[in-house]
Each structure stands twice: as C-alpha cells, then as structure tokens.
Amino acid sequence: TYSYNNQTQMLNKWTHLAAVYNVNYVSIYMDGNLLISGNMFATRNVTRNSCRIARSNYPDNLIANADFDEFRIYDRVLSESEVKNDMNLTYIYEFK
C-alpha cells in the first residue's frame, strides 16, 4: 500500500489522479478526493523543446514507475465536482 496525507492506496490498482492548476494554486485529487492543495509558483516564459508526461525536464529526476491508461488536458480549470464526474467518464477519441 501507499499512503500520503491520510489517503491510502493499494499498489497495482487503478487510481484516478487529477491535478488542477489555477494561476499559482494547484489542487491534486486521488480518486475524486482532494489529496493536497497549495501555492505553486512556476517559472514563466520558459521554452520547452518537448512536453513530457510523468517525466521531468531535468535529467536527474526520476521517471514515473507507472502505466497510464488515459490522459486528459483541459484548457480551463475544473471544479471539484467536475473532477469527480470526470473520473467516471469514458472517452473515445480518434486522432485524425
């Protein structure tokens, strides 16, 4: 099992994670429940050569030891109820 902030999760089990970033404030949800939130200050005007999921742009940082089934990026801030609703939705999208 894995435990963080009084939330326990079984290893090798599907888990819904959501991060909502609003200006300088981030909220992270696990299975629809708020796990942690607080101020997060990101460097502005940084040019990236690639966009990475579950991996840092810095070579010394670890890569996520996980499998990702679905990944969604929104162009707006989701509310807590939208995060809960979103975790139960099934999307079928075909890239063209």
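**Reading a predicted fold, from salt bridges to strands**

Student: With which residue does Glu82 form a salt bridge, and how far apart are the closest N and O atoms?

Tutor: Glu82 forms its salt bridge with Arg76, and the closest N and O atoms are 3.1 Å apart, which should be read with the caution that this is a predicted model. A pair is counted when a side-chain nitrogen of Lys or Arg comes within 4 Å of a carboxyl oxygen of Asp or Glu, and by this rule the protein has two salt bridges.

Student: Is Glu82 buried or exposed, or does it fall in between, and what about Arg76?

Tutor: Burial is read from relative accessible area, where under 20% is buried, over 50% is exposed, and the range in between is partly exposed. Glu82 is partly exposed because its relative accessible area is 29%, and Arg76, at 45%, is likewise partly exposed.

Student: Which residue is the salt-bridge partner of Arg72?

Tutor: The partner of Arg72 is Asp86, with the closest N and O atoms 2.8 Å apart. Arg72 lies in the loop between S5 and H1 whereas Asp86 belongs to helix H1, so this pair ties together parts that are 14 residues apart in sequence. As for accessibility, Arg72 has a value of 26% and therefore counts as partly exposed, while Asp86, at 9%, counts as buried.

Student: In what order do the strands of the open sheet lie, and what is the sense of their pairing?

Tutor: The sheet is open and has three strands in the order S3-S4-S5, paired antiparallel. Its edges are strand S3 (17–22) and strand S5 (33–39), each of which pairs on one side only. From one strand to the next, the twist averages 15 degrees.

Student: How many bridges join S3 and S4, and what links the two strands?

Tutor: S3 pairs with strand S4, residues 25–30, over six bridges in the antiparallel sense. The two strands form a hairpin with two residues between them, and Val23 in the turn has a positive phi of about 60 degrees.

Student: Where is Met30 found, and is it buried or exposed?

Tutor: Met30 is found in strand S4, and because its relative accessible area is 5%, it is buried. The C-alpha atoms of Met30 and Ala18 are 6.7 Å apart, although the two residues are twelve positions apart in sequence.

Student: Which residues make the nonpolar surface patch?

Tutor: The patch is made by Ile53, Phe68, Phe71 and Ile73, and its area is about 460 Å². Ile53 is placed in the loop between S5 and helix H1 (80–86), and its 45% relative accessibility is why it counts as partly exposed.

Notes: Residues numbered from 1 in each chain as written. Predicted model: local features only at pLDDT ≥ 70, side-chain atom pairs only at ≥ 80, totals over all residues. Heavy atoms only, no water. Pairing = 2+ DSSP bridges. Helix = DSSP H or I, 4+ residues; strand = E, 2+ residues; numbered from the N terminus. Axes fitted to C-alpha atoms, helices over the stretch in contact; angles between N-to-C directions. Patch = residues over 30% accessible without salt bridge, like charges linked within 9 Å, V, L, I, M, F, W, Y side chains within 5 Å. Areas by Shrake-Rupley, 256 points an atom, 1.4 Å probe, with all protein chains shown as cover. Buried < 20%, exposed > 50% of the residue type's maximum accessible area, 1.4 Å probe, protein only.
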